[in-house]
Each structure stands twice: as C-alpha cells, then as structure tokens.
Amino acid sequence: MDSLLTLSAASGADIRILQITDTHLFAGKHQSLLGVNTWSSFDAVLDAIEAQQRDYDLIIATGDLAQDHSVEAYQHFVAGIARLPKPCVWLPGNHDFQPAMVNTLADAGIAADKHVLLGDHWQLVLLDSQVFGVPHGMLSEYQLEWLEKTLAKFPERHTLVLLHHHPLASGCTWLDQHSLRNPHQLEAVLQNFPRARNLVCGHIHQELDLDWHGRRVLATPSTCVQFKPHCTNFTIDTVAPGWRWFTLKSDGTLHTEVNRLQSEEFRPDLDSEGY
C-alpha cells in the first residue's frame with residue numbers, strides 16, 4: 001500500500017483527470033450485461049474520448065472492470081486503456097477478482113499505485129472497499145489506518161479520495177443496500193483532514209453529486225448499463241454510457257462534468273430483473 005506515483009505539473013497549473021468506471025468486461029467480446037455488449041460500449045466510449053482531443057494528466061478506473069473474474073476480461077481492459085496515452089490508476093469493485101486483476105494489469109505495466117501526488121497542490125488516495133463475494137462495501141481497519149497515515153504525510157495537499165462504494169444514500173433503495181457499510185469510520189478519519197473534501201465513487205452506474213458532512217461525493221455513469229435514479233427496486237435506465245472529467249485547481253477548487261455517448265446504440269434489455 002506504500003507505492004507512490006508522482007505526476008509533475010507546472011507551478012499553479014490545473015490537473016485534469018479522466019474517470020472511467022464499471023466497464024464489466026467479459027472474457028468474450030461478444031458477451032452482454034443486461035442486453036448491452038460491454039466491450040462494444042467500452043470501445044465506443046474510448047472512441048468518443050479520443051474524438052474530444054482533450055488534454056489530461058491521469059486516468060482513474062474506479063472498479064468493476066471485469067464481470068466474470070477472467071484474466072481475458074482484464075486483458076481487454078488493458079488493450080482498451082492502452083489507446084489513451086496517459087498513466088492509469090485503479091481500484092477494485094465488488095465484481096472484480098483481485099488475483100487476476102492485479103497480475104494482469106501489472107503485466108501490462110499498469111501499477112497498483114494507491115497514492116498519487118499531483119503537481120504541488122493535490123493528491124489522490126485510492127481505497128479498497130471490496131468485500132469479496134458480496135455487493136456491499138467495507139473499509140478494513142488496515143485501509144482506514146493506511147488512509148489516516150497517508151493523509152497525515154501531506155495534510156497541506158487538497159485530496160481526492162477514491163473508492164468503489166458510495167458512503168451515503170444515493171436515493172435508490174435497492175442500491176443503498178449495497179453501499180459502504182462503515183461510512184462513519186471513514187468520516188472519523190476524514191474529519192481530521194479538512195483538505196480531504198472530495199470523494200469519487202463508481203458502483204451505482206449513474207451520475208451523483210451530493211454533500212456528505214461538508215464533503216462532495218461524486219459518482220459517475222458506467223461505460224455500459226445505467227441504473228435509473230430514485231428507484232425503490234432494481235430499474236435500468238435508458239440513458240447512454242458515460243465518463244467524467246475533473247479539473248483540479250491549485251486553490252483546491254474542483255470542476256467536473258459528465259459526458260455521455262450521443263448514440264442510442266447501447267440500449268439495455270429493460271425486462272432484465274437483475275444481474
């Protein structure tokens with residue numbers, strides 16, 4: 001957990017980050033999740049990102065990269081992300097199989113760095129909230145202790161905390177059964193570090209921007225299937241796959257926007273009852 005990635009930037013320059021999440025890739029490129037071919041939708045998202053020709057410094061992949069635990073699924077992720085000429089950091093989601101994930105990404109030169117220093121003013125801390133075999137999340141005592149120790153090293157830096165599971169109610173009853181189970185322990189650590197005031201998640205396959213104890217929590221659309229907001233029961237949305245951009249200012253200000261594919265090609269099977 002002590003591996004550290006440092007990305008330099010001109011003094012006072014903005015830091016720009018691309019978030020990709022919940023790709024849910026399979027061993028076979030023909031396979032689908034809830035009626036959406038996840039490789040094709042991931043490929044289309046990459047095409048759209050390349051077409052934007054935006055300048056950025058780092059890619060963050062916030063979990064559920066694979067759906068079926070296969071090495072091949074992670075190899076497909078590697079092949080796709082290799083199209084984008086920037087370093088990538090990642091964390092696991094509830095569907096990921098970490099032995100295959102760590103080894104396959106490492107073999108491709110995508111290191112398991114969980115602490116990133118960005119220029120002179122920012123840092124990223126990536127947490128593992130996976131409880132293997134279940135959909136909800138939990139931060140272990142080790143993760144919480146590591147977070148506190150890491151933040152204490154650079155308390156003057158503005159901090160983006162990344163984890164897969166959302167630490168607050170999303171407004172979807174069925175999804176909130178699968179949230180982070182110990183958000184109070186996370187809050188207890190963060191309250192000692194006032195510059196750690198932005199959290200970024202995956203997991204919920206929808207756009208979210210909410211206040212949590214004075215901190216901003218952002219979640220991002222999946223590159224494949226989307227879940228409809230504010231639903232009691234499992235409900236699929238018809239909006240297109242997406243991704244998120246961040247701009248981090250030297251004064252601690254964060255600007256962000258979600259982009260989506262403009263095509264209706266990746267419409268899900270609305271009769272699906274779960275996955």
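**Reading a helix and a strand pair**

Modeller: Let's start with helix H2, residues 71-81, where Ala73, Tyr74, His76, Phe77, Val78, Gly80 and Ile81 are buried. Keep in mind that this is a predicted model.

Biologist: Okay, how do I read a list of buried positions in a helix?

Modeller: The general idea is that an α-helix has 3.6 residues a turn, so residues three or four places apart point the same way. Here, look at Ala73, His76, Phe77 and Gly80, which are among the buried residues of H2.

Biologist: And what covers the buried residues of H2?

Modeller: Several elements do, including helix H1 (38-52) and helix H3 (98-107). On the strand side, the cover includes E2 (15-20), E5 (58-61) and E6 (88-90).

Biologist: Now strands. Which way do the neighbours of E12 run, parallel or antiparallel?

Modeller: To read a pairing, look at the bridges and the direction. E10 (residues 198-201) runs parallel to E12, joined by four bridges, and Asn198 sits opposite Arg216. E11 (residues 208-212) pairs with E12 in the antiparallel sense over five bridges, with Leu210 partnering Val217.

Biologist: How many residues lie between the strands in the hairpin of E11 and E12?

Modeller: Two, and His213 in that hairpin takes a positive phi near 55°.

Biologist: So is E12 mostly covered or open?

Modeller: Mostly covered: of the five residues in E12 (215-219), four are buried.

Terms used
Residues numbered from 1 in each chain as written. Predicted model: local features only at pLDDT ≥ 70, side-chain atom pairs only at ≥ 80, totals over all residues. Heavy atoms only, no water. Buried < 20%, exposed > 50% of the residue type's maximum accessible area, 1.4 Å probe, protein only. Contact = heavy atoms within 4.5 Å. Pairing = 2+ DSSP bridges.
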